[in-house]
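Q: Hi! I have a structure open on my screen and would like to talk it through with you. Could you take a look with me?

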Amino acid sequence: MDFATWEPIYKRILEDFGFDRVGDEKAAIFLSGMLIQENTVSLSELKTIISGKCVLVCGNAPGLRSDLSEINLSDFTVIAADGAAAVLMDMDIVPEVICTDLDGNSEADIEKEILACQKGSIVLIHAHGDNIDKLEKYVPRFRRFIATTQARPFDKVYNFGGFSDGDRCFFVATELGAKKIKLVGFDFEDNDVNPIKKKKLKWAKKLIGIYDF
Ligand SMILES: Nc1ncnc2c1ncn2[C@@H]1O[C@H](COP(=O)(O)OP(=O)(O)OP(=O)(O)O)[C@@H](O)[C@H]1O
Ligand SMILES: Nc1nc2c(c(=O)[nH]1)N=C(CO)CN2
Ligand SMILES: [Mg+2]
């Protein structure tokens, strides 16, 4: 999704959550400053593993494990949303791609993302106004990554569309030309979550629904 299309949606999301765009922009500049040639994954590398492929996008709903048990993973490029990466790693599955804002459910989950990166996952690290502390603490531990923002993209900081980790996975797959996208571990109606998460899930459902797959 180009930024001109995304921007009005982004403004509505900021308003709904009371988030600050300037904070998002500062975080993106901060993350951009952490990129060096050695730790930068090119967009073409990411495209190679997504374009024309069947992509499995894994959210972290409680049903993820059981959804996965019904899937032949070798049919798919696997993209994991933040905490879903830890679930996959616990099942000895290294996702090809991870989208994270490093605010996973626990420190242990972030360690599993760092391990996945060492084992070859391409990690898309997302900067926003509420994770600068996490970026500072953990980004140096990622061997290589792609930087993303929900604000205006610049230089090597990309915005493929989407807001929370799960819907950003879906937008990455869409933007980079996946042939087919299958979702597992998504339960938009889950009531066993806190009110902020509930709101994020409402937006995720709406954003993913923009695309007709
Ligand atoms: N019922 C659900 N509970 C939690 N996550 C879900 C659910 N259904 C789908 N997801 C997707 O899984 C993604 C990863 O969830 P998880 O709770 O592990 O990470 P998170 O870092 O807290 O997510 P976020 O930072 O996006 O709020 C979410 O961004 C969401 O899109
Ligand atoms: N400013 C801001 N942006 C976000 C946030 C957040 O907490 N604050 N959380 C997200 C996904 O969890 C995605 N984007
Ligand atoms: Mg997260």
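Q: What is the shell around ligand 1 made of: how many nonpolar, polar and charged residues?
A: The shell around ligand 1 divides into 7 nonpolar, 7 polar and 8 charged residues. Keep in mind that this is a predicted model.

Q: Thanks! Which residues come nearest to ligand 1?
A: Out of 22 residues around ligand 1, the nearest are Gly59, Asn60, Gly83, Ser164 and Gly166.

Q: What about ligand 2, which residues are around it?
A: The residues around ligand 2 include Phe19, Gly23, Asp24, Asp101, His128 and Gly129. Also among them are Asp130, Gln150, Phe163, Ser164, Asp165 and Lys200. The shell around ligand 2 splits into 2 nonpolar, 5 polar and 5 charged residues.

Q: What does the backbone do just after H8?
A: Gly177 sits there, with a positive phi of about 85 degrees.

Q: Which residues other than glycine have a positive phi?
A: Asp82 is one of them, at about 35 degrees. Asp92 is another example, with phi near 60 degrees. For background, most residues other than glycine have a negative phi.

Q: Where are those two, and are they buried or exposed?
A: Asp82 is in the loop between strand E2 (77-81) and H5, and Asp82 is buried because 26 other C-beta atoms lie within 10 Å. Asp92 is in the loop between H5 and strand E3 (97-100). Asp92 counts as exposed, since it has 6 C-beta neighbours inside 10 Å.

Q: H5 keeps coming up. How do the axes of H5 and H6 cross?
A: The axes of H5 (residues 83-90) and H6 (residues 107-118) come within 8 Å of each other and cross at roughly 70 degrees. That angle is why H5 counts as roughly perpendicular to H6. The crossing is left-handed.

Q: Which residues meet there?
A: From H5, Gly83, Ala85, Ala86 and Met89 meet Asp109, Lys112, Glu113, Leu115 and Ala116 of H6. The contact between H5 and H6 has 5 nonpolar, 1 polar and 3 charged residues.

Q: New topic: where is Ala28, and why does it count as buried?
A: Ala28 is in helix H2 (residues 21-32). Ala28 counts as buried because it has 26 C-beta neighbours inside 10 Å.

Q: Last one: where does Arg144 sit, and why is it called partly exposed?
A: Arg144 is in the loop between helix H7 (132-138) and strand E5 (145-149). With 18 C-beta neighbours inside 10 Å, Arg144 therefore counts as partly exposed. Not counting residues up to four places away in sequence, Arg144 touches Asn39, Thr40 and Val41.

How values were computed:
Residues numbered from 1 in each chain as written. Chains lettered and ligands numbered in written order. Predicted model: local features only at pLDDT ≥ 70, side-chain atom pairs only at ≥ 80, totals over all residues. Helix = DSSP H or I, 4+ residues; strand = E, 2+ residues; numbered from the N terminus. Buried ≥ 20, exposed ≤ 12 C-beta atoms within 10 Å, placed from the backbone. Contact = placed C-beta atoms within 7 Å. Axes fitted to C-alpha atoms, helices over the stretch in contact; angles between N-to-C directions. Parallel < 35°, antiparallel > 145°, perpendicular 65-115°, else oblique. Left-handed = near helix turned anticlockwise from the far one by under 90°. Nonpolar A, V, L, I, M, F, W, Y, C, P; charged D, E, K, R; others polar. Near = placed C-beta within 6 Å.
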